[in-house]
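Hi,

Here is the structure I promised to send over. Have a look at it first, and then read on for what I found.

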Amino acid sequence: LPLLLTSALTISVCAQDKKLPDITLNDVDGNKVNLNTLNKDGKIIVLDFWATWCVPCKKELTNMINGYADWQKNYNVELVAISIDDSRNTTKVKPTVDCLSWPYRVLLDANSDLKRLLGFQNVPYVVVADKDGNIVYQHTGYVEGDEFELEDQIKKIAGKE
């Protein structure tokens, strides 16, 4: 039993120390963006992983548009939509984003390097990092209204609840 308790404790401590990985991805215009530079001005970073073929992903990101300007103003948030479409489908990403009028920065994880580093399987997948780059919230899947739960988490992280 003591061994079990120790390993459970270690897991929770390690989970709290998880930071945004030091990785560079291309945006939809071919510019290189290092994940570690996103929160350089003290922003809370929301990474929303999606794919062009994922209906719930597109619904989630589209539904977040309504509150996004307020999140930026009230909590200093930047939402980054990260496409996990593979290299065959990356050409569909920009037209999809343009068609849906998303106001977010969009990065491409065509080789799933970041997805592997974060260790998740399915999209939609949301990761929130505090202003110091610590991953403080993760969520898989989407049902209508999840964006309000996300805003509650962002409020807590921003210390504005």
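A contact here means heavy atoms within 4.5 Å. On that basis, residues 24 or more positions apart account for 70% of the chain's contacts with a separation of 6 or more. Bear in mind as you read that this is a predicted model.

First, the overall layout. You'll find five helices and seven strands in the chain, and going along the sequence they come in the order α-β-β-β-α-β-α-β-α-β-β-α. The chain has 161 residues, and 44% of them count as buried.

Next, the helix pair I'd look at: H2 (residues 55-75) and H5 (residues 146-158). Their axes come within 11 Å and cross at roughly 10 degrees. Since angles under 35 degrees count as roughly parallel, H2 is therefore roughly parallel to H5. On the H2 side, the contact is made by Asn63, Met64, Trp71 and Tyr75. H5 brings Glu147, Leu150, Glu151, Ile154, Lys155 and Ala158 to it. By type, the residues of this H2 and H5 contact split into six nonpolar, three charged and one polar.

Then the aromatics. How many aromatic pairs are there? The count comes to six. One of these pairs is Phe120 with Tyr125, which is stacked, at 4.0 Å centre to centre and with 15 degrees between the planes. Phe120 and Tyr125 are both buried. There is also a cluster, in which ring pairs link Trp50, Tyr68, Trp102 and Tyr104.

Is Thr96 buried or exposed? Its relative accessible area is 15%, and the cut-off for buried is under 20%, so Thr96 counts as buried. If you leave aside the neighbours within four places in sequence, Thr96 is in contact with Trp50, Thr52 and Lys58. Take Lys58 from that list: Thr96 and Lys58 are 38 residues apart in sequence, while their C-alpha atoms are 9.1 Å apart in space.

That's what I have for now.

Cheers

How values were computed:
Residues are numbered from 1 along each chain as its sequence is written. This is a predicted model: local features need pLDDT of at least 70, side-chain atom pairs count only at pLDDT 80 or more; totals for chains, interfaces and linings use all residues. Side-chain values use heavy atoms; hydrogens and water are left out. Helices (H or I, at least four residues) and strands (E, at least two) are DSSP runs, numbered from the N terminus. Buried means under 20% relative accessible area, exposed over 50%, partly exposed in between (1.4 Å probe, protein chains only). Rings of Phe, Tyr and Trp (its six-membered ring) pair if their centres lie within 6.5 Å; planes under 30 degrees apart count as stacked, over 60 as edge-to-face and the rest as tilted. Axes are lines fitted to C-alpha atoms, for helices over the stretch in contact, and angles run from 0 to 180 degrees between N-to-C directions. Angles under 35 degrees count as roughly parallel, over 145 as roughly antiparallel, 65 to 115 as roughly perpendicular and the rest as oblique. Ala, Val, Leu, Ile, Met, Phe, Trp, Tyr, Cys and Pro count as nonpolar, Asp, Glu, Lys and Arg as charged, and the others, Gly among them, as polar.
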